Every structure is written in C-alpha cells, then in structure tokens.
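Dear colleague,

Please find below the structure that I am handing over to you, followed by an account of what was found in it.

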Amino acid sequence: MNITKIDLNLLVAFDVLLREKNVTRAANHLGITQPAMSNSLKRLRNLLNDPVLVRTSDGMVATERASSLAPKIRKILLETKEALQTVEDFEPLSSTRVFRLMASDYAASTLLPKLLEKINKIAPNITIDIMTPSDVTFHDVEDGKIDMAINLFDQLPQSFHQKVLWNDGFSCLTRSSNPILENFDLNSYLTSKHVWVSKTGFGVGLGMNPKDVQKLGWVDEALANIGKQRDIKIFTRNYHVAMQLAHDDQIIATLPKKAAMIHSKDPGYTILDTPFDVPDIELKMIWSPLLHHEPSHIWFRHLVDEAAKEC
C-alpha cells in the first residue's frame, strides 16, 4: 500500500465510525453531513478491501479486521495530535484556565478542599470544573476533553498516564448511640444492617444484587473470603449519602478511612476499625497522553499530587 495516497481524515473517520458504529452519529460527531460520512466509509472499504462495518439485527457491527485495526489507528491519531499540539508557557498567577476534572464524591470531598486551598494561594484566577463519573467516558479523557479523572479504577486503557495519589484502608461509621458500640466485633457487625457504597471507573452504574458478591466490591469480597456475608439494607453510589444514612443508629457504613474521618470531630458519629481485614484501595489520577507534555497540565498534576500528600 502506498502511504502517500492515504488521507489522514480517513483514519479520523475510521476511529469515529468504530466508536459510534452508526454513520449518522459519526457524522454529527465530526460536524459533517451524513452523505459525506457515508462516502468516507465507502473510501475506507476500498482502501482496506474490507466492509469495516456490516449491518446486523443488532445494528452496525465491526468486522474482525476493523476491530483489530481500531486500537492501532487510535494510537496513531493520539500520537499525531500529541506531536503537533502547541506548547505555550504557563504562568499560574495570571492564568484564567479552567481545569476539568472527573472525580468521585469520595475523591472530591477528601482531596479537593486541600487542592483548592493551594490554588487560592498561587493561582487565584484558575477555575475547577468537577464532573461525576456518570458525566464522563474514557474517550472524553483520552481526547483531552477532561484534564484528569480521579477515582478508584478497576481497569484502565493502556494509553492513559496514571499516578497513585494514595492508598486508603476502611473504617466503620455509625451513630454514637448505636447499641452495637457496647460490644463491637465481627458477629455484631454481621447482625447489623448496612449501607453499601461504591463507585469506580466511568459511566452510569447498574442496579445491584445483594447476592452477587463478585460485583459488590472490596468489603463484601473480603467477607466472602472468610465465608461471611453482611446484611445490606441500602445501596448508594454516593459516599456522603452513605455517611448521612449512618446517622441512623441501626445502620453501619463501611467506608474508606479518609471519607469516614470527615466526621471525626462530629460527636454524633463514631468511627471504628473494621472487625475483619479489608485490602487497601488505590486512589488514582489519570490523564490523556495529549496533555502529558502541556506545561499547565504538568503544573496542575504536580499540585494535585502535593495536595494528596497533605490529606
């Protein structure tokens, strides 16, 4: 194949078509007409001698060759964008830049107060736009639309840069009048009612099943490893909701320690060590390779890391 005859725009069209698997949506994403996108698909089929997308009862499905090419072409486009992006000097004191973060409420409530304190001192005109995990996709981060995502991640694309901000253990949070405090051990823990809370990664969460231990996360997997199961009364994806519900003297919230410690000075709550071992979790920040060498982003990553060390 003569590479000089390849239109780079076709690779862009291929990337979007493989993600959207719909000509109309792909056209809207690129801001072109549907016939123009259909023409791009036709040219791709001729270039690759492959249908690329085929229509099935479930909609358009990528061919085996197109699926194998997708991550390679995606990598080429990312590296091309990174090589051609403009590098500008960054002055924190005068900057009015907006940094867009995806952060779980656990990350936001524990890390961001310290981060904001630092920003107010050295970059007072900078704005932070915080989004929730359900607002953002992996592609948003990969494309550099989101400066950084901070959360507890199960799996990550290899293209992302990442850094562990801290490791955190678990604590139990409950109302100070909860009778369980008279004799708190594994048995009393198991006979209590519990609020489950977790949100990892990206996207909209699905409904939970108390019997599906494999999907319940760190605490319930730790219990399953010792042949035990807790009585989950409420499921939530919000740590602050879980902490509020733990003010009921019949409920225990088992949370990352840094989240539980938000209420360490509130006499209405008591914080206890878990009566069983739970592996530590990792809070990570991740970002796109497109932003890795940008001076303002380098500065911001360093500031986030400093704030995390002081939390």
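In which sense do S7 and S11 pair, and over how many bridges? The two strands, S7 and S11, are paired in the antiparallel sense over 5 bridges. Strands pair here if DSSP finds at least two bridges between them, and helices (H or I, at least four residues) and strands (E, at least two) are DSSP runs numbered from the N terminus.

Please note that this is a predicted model, in which local features need pLDDT of at least 70 and side-chain atom pairs count only at pLDDT 80 or more, while totals for chains, interfaces and linings use all residues. Residues are numbered from 1 along each chain as its sequence is written, and side-chain values use heavy atoms, with hydrogens and water left out.

**Confidence and overall build**

The protein chain has a mean pLDDT (the predictor's confidence in each residue, from 0 to 100) of 89, and 92% of its residues reach 70 or more. Among the elements, the lowest mean pLDDT, 85, belongs to helix H4 (residues 64-84), and the highest, 97, to strand S7 (residues 170-175). Where pLDDT is low, the predicted coordinates should not be read in detail.

The chain contains 11 helices and 12 strands. Its C-alpha atoms fill a box of roughly 75 × 55 × 30 Å along the principal axes. Of the 311 residues, 45% are buried; buried means under 20% relative accessible area, exposed over 50%, and partly exposed in between (1.4 Å probe, protein chains only). Of the contacts (heavy atoms within 4.5 Å) with a separation of 6 or more, 77% are between residues 24 or more positions apart.

**The sheet that holds S7 and S11**

An open sheet is formed by 5 strands in the order S9-S8-S10-S7-S11, with mixed pairing. Strand S9 (231-236) and strand S11 (269-273) are at the edges with a single partner strand each, so one side of each has no neighbour in the sheet. From one strand to the next the twist averages 30°. Threonine 174 stands opposite threonine 270 in S11.

**Strand S12 and its partners**

Strand S12 (residues 281-287) is mostly covered, as 6 of its 7 residues are buried. S12 runs antiparallel to S5, to which 3 bridges join it, and asparagine 151 stands opposite lysine 284 in S12. Strand S6 (residues 161-168) also pairs with S12 in the antiparallel sense, over 7 bridges. Here tryptophan 166 stands opposite leucine 283 in S12.

**Helices H2 and H3**

The axes of helix H2 (residues 23-30) and helix H3 (residues 34-48) come within 8 Å and cross at roughly 110°. This makes H2 roughly perpendicular to H3, a term that covers 65 to 115 degrees, whereas angles under 35 count as roughly parallel, over 145 as roughly antiparallel and the rest as oblique. Axes are lines fitted to C-alpha atoms, for helices over the stretch in contact, and angles run from 0 to 180 degrees between N-to-C directions. On the H2 side, Val23, Thr24, Ala26, Ala27 and Leu30 meet Gln34, Met37, Ser38 and Leu41 in H3. These contact residues comprise 6 nonpolar, 3 polar and no charged.

**Two buried residues**

Histidine 297 lies in helix H11 (residues 295-309) and counts as buried, at 0% relative accessibility. Beyond its neighbours within four places in sequence, histidine 297 is in contact with Phe99, Asp147, Met148, Trp287 and Leu291. Histidine 297 and phenylalanine 90 are 207 residues apart in sequence, with 9.2 Å from C-alpha to C-alpha.

Isoleucine 146 belongs to the loop between helix H6 (138-142) and strand S5 (148-151) and is buried, with a relative accessible area of 4%. Its contacts, leaving aside neighbours within four places in sequence, include Arg100, Met131, Val141 and Leu291. From isoleucine 146 to arginine 100 the C-alpha distance is 5.3 Å, across 46 residues of sequence.

**Two loop residues with positive phi**

Lysine 21 has a positive phi of about 50° although it is not a glycine. Lysine 21 is in the loop between helix H1 (8-20) and H2 and is partly exposed, at 34% relative accessibility. Asparagine 49, not a glycine either, has a positive phi of about 55°. Asparagine 49 is in the loop between H3 and strand S1 (53-56) and is exposed, with a relative accessible area of 72%.

Yours sincerely

How values were computed. Ala, Val, Leu, Ile, Met, Phe, Trp, Tyr, Cys and Pro count as nonpolar, Asp, Glu, Lys and Arg as charged, and the others, Gly among them, as polar.
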